[in-house]
Amino acid sequence: MFTLRPFLSARIAVSHCISRKVITRNTYKTSCEALVYRQYGPHSEVLRLEDIPVPHVGVDDIHIRMLAAPVNPADINMLEGNYGILPSLPAVGGNEGIGEVVSTGCHVHTVKPGQWVVPIDCGFGTWRTEAVCKANEVIPVSKDIPVLSAATLSVNPCTAYRMLMDFVSLEPGDTVIQNGANSGVGQAVIQICASMGVNTINVIRNRPNFSEMIEKLQSLGANYVITEDMLQRPEMANLFKEVERPKLALNCVGGSSAGSLFYHLKYGSTMVTYGGMSKKPTPLPAKAMIFKNIKVCGFWMTQWKRNHLHDPAKLMEMVSYLTEMAKRGQLSTPSYTEVPFHDFNIALQATMDPYSNKHVLIMN
Ligand SMILES: NC(=O)c1ccc[n+]([C@@H]2O[C@H](COP(=O)([O-])OP(=O)(O)OC[C@H]3O[C@@H](n4cnc5c(N)ncnc54)[C@H](OP(=O)(O)O)[C@@H]3O)[C@@H](O)[C@H]2O)c1
């Protein structure tokens with residue numbers, strides 16, 4: 001298991017030069033607010049709003065003012081001690097978010113005060129009002145996109161992008177099938193596929209506002225939106241008279257929903273699992289596996305980023321691709337409910353509720 005740095009390990013950074021700042025002395029803070037957990041467990045029991053010190057800005061460091069940070073399912077898993085990596089405790093919650101650089105140490109040349117930055121790695125602890133970190137722990141993001149787009153770009157859209165680019169070669173007219181299609185990742189998959197001329201079959205749970213959700217996903221470019229029940233009916237065969245069988249399945253849910261995705265794939269295709277929202281194991285039909293020679297893979301964005309730390313250009317290329325899509329209006333964010341930082345419990349609870357909007361914490 002990896003270990004992330006605890007927030008209290010304030011760096012002893014003796015600066016030999018004065019850091020560059022865009023703020024005046026009286027706006028520089030020595031402490032900030034953060035959502036801290038000291039043990040793993042349910043968020044309502046373990047997460048607390050605390051004042052924590054803002055470390056001194058060393059020569060290789062940057063000081064960031066956090067602007068916004070989403071609450072994603074993985075953040076909840078981490079708080080509960082049920083994720084692929086876990087921080088040393090105490091820790092600050094939140095893995096994704098956007099911050100503005102306030103000041104930089106004098107050896108920093110990759111980012112400037114005033115720029116927006118997002119953390120590269122998981123476990124940054126984005127649910128805080130200020131942060132000091134090494135300059136190479138973040139990458140800059142264009143300020144030409146809305147703040148919520150920037151705050152939510154580096155996990156879900158990047159995951160969607162990698163799964164569409166790295167497993168099969170998709171051509172216009174090909175088909176991708178996915179469950180959890182209304183999720184943050186799912187909505188990015190729809191939009192990236194639409195921009196590539198790739199068809200999507202999008203599976204969602206039945207819900208009270210089903211037709212509203214169909215309309216929403218179609219407005220993003222979804223070709224077909226069906227329920228998990230429909231996915232298991234024989235009439236699915238009719239769909240494949242209109243559209244190619246999928247060569248890629250993206251599984252966010254697991255359980256019987258994932259088994260059914262698998263069943264509809266074409267010969268030689270691939271199923272990528274990236275989430276397990278149903279918390280159920282995935283049954284794989286042996287017949288489809290044997291006679292269709294289907295590959296089954298997993299994907300984890302955190303591991304991809306760690307594997308490419310030596311090659312930041314590859315990370316920048318992905319972020320630029322998605323930023324350009326956002327600028328062209330081809331990549332919009334899901335409907336986010338903006339929640340003031342102090343009301344964090346509302347956002348965390350909503351992230352666990354079914355059929356809920358995504359929630360983002362606003363720091364100022
Ligand atoms: N592997 C990676 O690198 C990676 C990266 C990003 C995200 N993820 C994972 O991907 C998943 C989605 O993340 P997100 O941020 O996109 O989520 P999100 O926007 O919060 O959406 C969650 C999705 O899961 C569905 N869902 C929840 N419980 C379900 C259940 N019991 N059965 C079926 N569907 C259920 C929701 O459907 P309703 O609307 O019907 O509730 C919704 O579509 C999470 O598991 C997350 O950890 C993985």
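Q: How far does a polar side-chain atom of Asn182 lie from an oxygen atom of the ligand?
A: This is a predicted model, in which local features need pLDDT of at least 70 and side-chain atom pairs count only at pLDDT 80 or more, while totals for chains, interfaces and linings use all residues. Residues are numbered from 1 along each chain as its sequence is written, and side-chain values use heavy atoms, with hydrogens and water left out. For Asn182, the distance from its polar side-chain atom to the ligand oxygen is 2.7 Å.

Q: How much of the ligand does the protein bury?
A: Accessible areas here come from the Shrake-Rupley method with a 1.4 Å probe; for residues, only the protein chains shown count as cover. Taken alone, the ligand exposes 920 Å². Of that area, the protein buries 86%.

Q: Which residue has a polar backbone atom 2.8 Å from an oxygen atom of the ligand?
A: Lys358 also places a polar atom 2.8 Å from a ligand oxygen, but that atom belongs to its side chain. The residue that uses a backbone atom is Gly184.

Q: How far apart do the C-alpha centres of domain 1 and domain 2 lie?
A: Domain bounds come from an automatic or database domain assignment. Domain 1 covers 3-152 + 333-362, and domain 2 covers 156-301. Their C-alpha centres are separated by 32 Å.

Q: Which residues of domain 1 lose the most area to domain 2?
A: Buried area is the accessible area (1.4 Å probe) that two parts lose on being put together, summed over both. Between domain 1 and domain 2 it is about 890 Å², with 53% from carbon and sulfur atoms. On the domain 1 side, three residues together give 45% of what is buried: Thr152, Pro334 and Tyr355.

Conventions: A polar contact is a pair of N or O atoms within 3.5 Å; within protein, one must be able to donate a hydrogen and the other to accept it, and residues adjacent in sequence count only if both atoms are side-chain atoms.
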